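Please open the model in your viewer and keep the sequence panel beside it. We will go from one selection to the next, with a short note at each stop.

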Amino acid sequence: MRKPKYADEVLVERILASFRQVRPDKWVAATAADWQHVIRIESADENGNVQCVSCGRVVPYKQANGGHWIGRGRWATIFEPFNIHPQCVQCNRHDGDGTAKINYTLWMVDSYGLSLCEELLELAKAPRPSWTMEELAWRKLGYQKRIKEAEARLRGELASRTAT
Ligand SMILES: [Zn+2]
């Protein structure tokens, strides 16, 4: 295995430097953005596509959103793996009549069962966790590493297909 170019501490220090420029709620938003990226890319098939949980449309992961079932405003569930899945932009951002959200809920119950959905709803009521800047920076670095690994997997799959 190749030695990493930078030690984790150096990478975390860079993230901390960027956090110091902005308000604390932005630290959560920036970390959540990487988490959404993790969900999209790790859900991607060998062609780099994901399926929208609301409408079933297949779209490139780069054009999809990581859609929260319980909204991002609820920090207690913002990083819960079961609470976030690929959605097309239409369903995630332009759900005027709420149909996409209803379909998302049906998909959740169908995929995980009602009791897990109820657990998530219960968890969402908890007060906002008070993460430290350092905790979020390490979390963000972990997500960035997962994104890099998934990018390597997708590149590898693409290369092996074009070689045959
Ligand atoms: Zn959709």
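How many bridges join S3 to strand S4, and do the two run parallel or antiparallel? Select residues 65-68 for S3 and residues 84-87 for S4: four bridges join these antiparallel strands. Strands count as paired here if DSSP finds at least two bridges between them.

Before moving on, two notes on reading the tour. Residues are numbered from 1 along each chain as its sequence is written. This is a predicted model, in which local features need pLDDT of at least 70 and side-chain atom pairs count only at pLDDT 80 or more, while totals for chains, interfaces and linings use all residues.

**The whole chain**

Zoom out. Six helices and four strands make up the secondary structure, and from the N terminus the order is α-α-β-β-β-β-α-α-α-α. These elements are DSSP runs numbered from the N terminus, with helices (H or I) of at least four residues and strands (E) of at least two. Along the principal axes, the C-alpha atoms fill a box of roughly 50 × 45 × 30 Å. Of the 164 residues, 26% are buried. Here a residue is buried with 20 or more other C-beta atoms within 10 Å of its own, exposed with 12 or fewer, and partly exposed in between, with C-beta atoms placed from the backbone.

**Back to S3**

Stay with residues 65-68 and look at both faces. Asn65 and Gly67 on one side are buried, and so are Gly66 and His68 on the other. Across the pairing, Gly67 stands opposite His85 of S4.

Select residues 8-19 to see H1, whose 12 residues reach 16 Å from first C-alpha to last, close to the expected 16 Å. The expected span is 1.5 Å times one less than the number of residues. H1 is hardly covered, with one buried residue among its 12.

Now select residues 24-42. H2 has 19 residues and reaches 28 Å, close to the 27 Å expected. Its buried residues include Trp27, Trp35, Val38 and Ile41. What do the buried residues of H2 pack against? Their partners are H1, strand S1 (49-51), S3, S4 and H6. Contact means that two C-beta atoms, placed from the backbone, lie within 7 Å.

**Ile147 in H6**

Select Ile147, which sits in H6 (residues 133-163). Ile147 touches Asp34, His37, Val38 and Ile41, leaving aside residues up to four places away in sequence. Is Ile147 buried or partly exposed? Ile147 counts as partly exposed because 17 C-beta neighbours lie inside 10 Å.

**H4 against H5**

Next, show residues 99-112 (H4) and 114-124 (H5). The two helices pack at an angle of about 120°, with their axes 7 Å apart. That angle makes H4 oblique to H5. Angles under 35 degrees count as roughly parallel, over 145 as roughly antiparallel, 65 to 115 as roughly perpendicular and the rest as oblique. Axes are lines fitted to C-alpha atoms, for helices over the stretch in contact, and angles run from 0 to 180 degrees between N-to-C directions. Show the side chains of Met108, Val109 and Tyr112 on H4, and of Leu114, Leu116 and Cys117 on H5, which make the contact.

**Last stop: Asn103**

Finally, pick Asn103, also in H4. Asn103 is partly exposed, with 18 other C-beta atoms within 10 Å. Asn103 touches Ser54 and Cys55, not counting residues up to four places away in sequence.
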